[in-house]
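Please examine the structure shown below. The dialogue that follows takes up its features in turn.

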Amino acid sequence: MNSKSPQNYRPETIAITAGRPDVGPDSLLNQPISLNSTFVAGGAIGYGRYGNETWTALEVAIAALEGAKTLTYSSGMAAVTAVFSTLPVGAKVVASNQGYSGVMTLLGNLSAAKKLNPKFVSIADTAEVVAALDGADLLWIESPTNPSLDVADMPTLIKEAKSRGITVAVDNTFATALTQQPILMGADIVMNSVTKYLAGHSDVVLGSLSTNNSDLFKAIEDARKFNGSIPGPFEAWLALRGIRTFPLRFQRASENALEIAKRLSAHPLVTRVRYPGLPTDPQHAKAKAFMKGFGAIVSFEYDGDAAATDKVCESSKIVTYATSLGGVESLWERRRRWPIESASVPEALIRLSLGCEDVDDLWSDIDAALHAAKK
Ligand SMILES: *Cc1c(COP(=O)(O)O)cnc(C)c1O
């Protein structure tokens, strides 16, 4: 594997250079899709559930972006599960009460099964999180949160948890390594839903974990080997191809997000806009203190009930009514259509994932949909 990508390259360069084969006459520019369930005896991999050259190429690229050794998994949730599986029965996990619904549901299920002991807190309320830390084994930080865009004071929370010897894991899916590198802030482990910005084309489900703690690395590698939650080589290849344009896509989508957030803030049919990049957002000052950007998700509340809000989502032509986020194509959805979404998320909240389309085309589409639901 090409080790030409030293850590001091900027992410725009890392995304393009990392995870390529070694260079020589007629060497391959791109890592091929390795379709092998087994390997000739005597080597380092051995079997297709233990390793794969295409996974490795993707892992080298994510590792260079996050600043820590990386493993990829069959989904973001498989990566989350791998972290939880390293904890002893009864371990106390402090986590956000308004985070990704899949993680909250999983923690709820593990609690009901008497496996883990989650304590849910408002992650944006630093004092509340710190007060919950005593006796905790793991602090799970998601910031900004999905879909409420709450921002955790990451430097403070990481410092407080580490001073108590608590392992800190960060879900970096919304922020990405381009706006914050939790490992450099002192977190132990970073999780990404590669499905979203890293792969970026809404055509693959994949997850990753990054850590420089060798015991933790061994534990999560074992979790992947023996739980069997491995990525497919084709999916890994697609994600690596996506990473080549990730900084470009993310920059454009973030620009679209700020502009659309501003226009939504002035719209008569919108009652509240959440985007940490808006100077008027209550999370802005905190986010600005340690983030290098604010991402490309905007959540807003429609001036209407659930049915009218559904109608908004159904009325657009460019923006697709679908779950998920982080692709080149803009998507939106009323989050409460999912029964597992937190009841604290308003019925009329729409989560909008900005893609890379022209911002004026997007705005015409969004404005028309907002009005169509009022007719
Ligand atoms: C999508 C998502 C996940 C789960 O990832 P999958 O790839 O869908 O399994 C976890 N956290 C956040 C913040 C997400 O948006």
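**Reading a predicted model**

Q: Are Tyr197 and Phe250 buried or exposed?
A: Buried means under 20% relative accessible area, exposed over 50%, and partly exposed in between, with a 1.4 Å probe and protein chains only. Tyr197 and Phe250 are both buried. This is a predicted model, in which local features need pLDDT of at least 70 and side-chain atom pairs count only at pLDDT 80 or more, while totals for chains, interfaces and linings use all residues. Residues are numbered from 1 along each chain as its sequence is written, and side-chain values use heavy atoms, with hydrogens and water left out.

Q: What describes a pair of aromatic rings?
A: The distance of the centres and the angle of the planes describe such a pair. Rings of Phe, Tyr and Trp (its six-membered ring) pair if their centres lie within 6.5 Å; planes under 30 degrees apart count as stacked, over 60 as edge-to-face and the rest as tilted. By this rule there are seven aromatic pairs. The ring centres of Tyr197 and Phe250 are 5.0 Å apart and their planes stand at 90 degrees, so this pair is edge-to-face. The pair links distant parts of the chain, 53 residues apart: Tyr197 belongs to the loop between E6 and strand E7 (207-211), and Phe250 to helix H9 (residues 246-265). Helices (H or I, at least four residues) and strands (E, at least two) are DSSP runs, numbered from the N terminus.

Q: Which residues come nearest to the ligand?
A: A residue is near a molecule if one of its heavy atoms lies within 4 Å of it. Of the 14 residues around the ligand, the nearest are Met77, Asp171, Ser193, Thr195 and Lys196. The shell comprises five nonpolar, six polar and three charged residues; here Ala, Val, Leu, Ile, Met, Phe, Trp, Tyr, Cys and Pro count as nonpolar, Asp, Glu, Lys and Arg as charged, and the others, Gly among them, as polar.

Q: Where is Thr72, and which residues is Thr72 in contact with?
A: Contact means heavy atoms within 4.5 Å. Thr72 is placed in strand E1 (residues 70-73) and is buried, with a relative accessible area of 0%. Leaving aside neighbours within four places in sequence, its contacts include Trp55, Leu58, Arg224 and Pro231.
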